[in-house]
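I opened this notebook to record what I looked up, one topic at a time.

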Amino acid sequence: MAKQEKQSDDKSQRLDKWLWAARFYKTRSLAVEAINGGKVHLNRHRVKPSRTIKPADILTISKPPYEHIVTVLALNKQRRPAIEAQQLYIESEESIAKRKLLHEQIKNQPLGFRTEKGRPNKRDRRHIIKFTRKQ
């Protein structure tokens, strides 16, 4: 009986453990929180952290503002170095292209509404006070 359980363990793994081992999340508790929050989908379905995954499953991992669509290639029970963790999955080409495009858009956005440096002057303070008192 123990051999059968061990063989089935080699072919599947808990989702939260895999996300931790593949280095998508720093701790298992963060992975569980993301799964429960609907940030991780398995084959386009919302799942629980204890759901078992196997190679060839497709995961959609949302880490705002980015979204990763990965195919599981292998399972690993332990958290290994990043180079080994990247061999556990392959990310789709369209997912990579979307992330790069979004990264460029975010990079090119202005950082704030103020272009001046330093403290606000008397006129700016009056505008700030007028704006905050309207509420």
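**Entry 1. Elements.** I count helices as DSSP runs of type H or I with at least four residues, and strands as E runs with at least two, numbered from the N terminus. I note that the model is predicted. I then asked how many helices and strands the protein has. I found six helices and seven strands. Next I read their order from the N terminus: α-β-α-α-β-β-β-β-β-α-β-α-α.

**Entry 2. The whole protein.** I looked up the totals. The protein has 135 residues, and 24% of them count as buried. It exposes about 10,700 Å². Carbon and sulfur atoms supply 53% of that area. I also checked the contacts with a separation of 6 or more. Residues 24 or more positions apart account for 46% of them.

**Entry 3. Gln13.** I went to strand 1, which covers residues 13-14, and picked Gln13. Is Gln13 buried or exposed? Its relative accessible area is 3%, so I wrote it down as buried. I then listed what it touches, leaving out residues up to four places away in sequence. The list holds Trp18, Arg51, Thr52, Ile53, Leu75, Asn76 and Lys77.

**Entry 4. Salt bridges around Asp16.** I turned to charge pairs. Side chains of opposite charge can pair when their charged atoms come close. The structure holds five salt bridges. I looked at Asp16 and its partners. One is Arg14, with the closest N and O atoms 3.0 Å apart. Another is Arg28, at 3.2 Å from N to O. Why does the pair of Asp16 and Arg28 tie together parts of the chain? Asp16 lies in helix 2 (residues 15-21) and Arg28 lies in helix 3 (residues 28-36), so the pair links parts that are 12 residues apart in sequence.

Asp16 has 1% relative accessibility, so it counts as buried. Arg14 is partly exposed, with a relative accessible area of 32%. Arg28 is partly exposed too, at 33%.

**Entry 5. Arg80 and Glu84.** I looked up one more salt bridge. Arg80 pairs with Glu84, and their closest N and O atoms are 3.1 Å apart. Arg80 counts as partly exposed, at 34% relative accessibility. Glu84 also counts as partly exposed, at 34%. I then searched for salt bridges that share partners. Arg14, Asp16 and Arg28 are joined by such bridges into one network.

**Entry 6. Backbone in the loops.** Where does a cis peptide bond occur? I found one joining Pro64 and Pro65, with omega about 5 degrees. Pro65 sits in the loop between strand 5 (58-63) and strand 6 (66-72).

I also noted positive phi values outside glycine. Arg44 has phi near 65 degrees. I placed Arg44 in the loop between strand 2 (40-42) and strand 3 (45-46). It counts as exposed, at 78% relative accessibility. Ala56 has a positive phi of about 85 degrees and is not a glycine either. Ala56 belongs to the loop between strand 4 (52-53) and strand 5. With a relative accessible area of 59%, Ala56 is exposed.

**Entry 7. Thr71.** I followed Ala56 to one of its contacts, Thr71. Thr71 is in strand 6. It is partly exposed, with a relative accessible area of 27%. I listed its contacts, setting aside neighbours within four places in sequence. They are Ala56, Asp57, Ile58, Leu88, Tyr89 and Ile90. I also looked up Pro55, which is 16 residues from Thr71 along the chain. Their C-alpha atoms are separated by 7.7 Å.

**Entry 8. A charged patch.** I ended with the surface. Which residues form a positive surface patch? I found Arg119, Lys122, Arg125 and Arg126. I took a further look at Arg126. It is found in helix 6, residues 122-133. Its relative accessibility is 54%; exposed means over 50%, so Arg126 counts as exposed.

Key. Residues numbered from 1 in each chain as written. Predicted model: local features only at pLDDT ≥ 70, side-chain atom pairs only at ≥ 80, totals over all residues. Heavy atoms only, no water. Patch = residues over 30% accessible without salt bridge, like charges linked within 9 Å, V, L, I, M, F, W, Y side chains within 5 Å. Areas by Shrake-Rupley, 256 points an atom, 1.4 Å probe, with all protein chains shown as cover. Salt bridge = Lys/Arg side-chain N within 4 Å of Asp/Glu carboxyl O. Lys, Arg positive; Asp, Glu negative; His and termini not counted. Charge placed at Lys NZ, Arg CZ, Asp CG, Glu CD. Buried < 20%, exposed > 50% of the residue type's maximum accessible area, 1.4 Å probe, protein only. Contact = heavy atoms within 4.5 Å.
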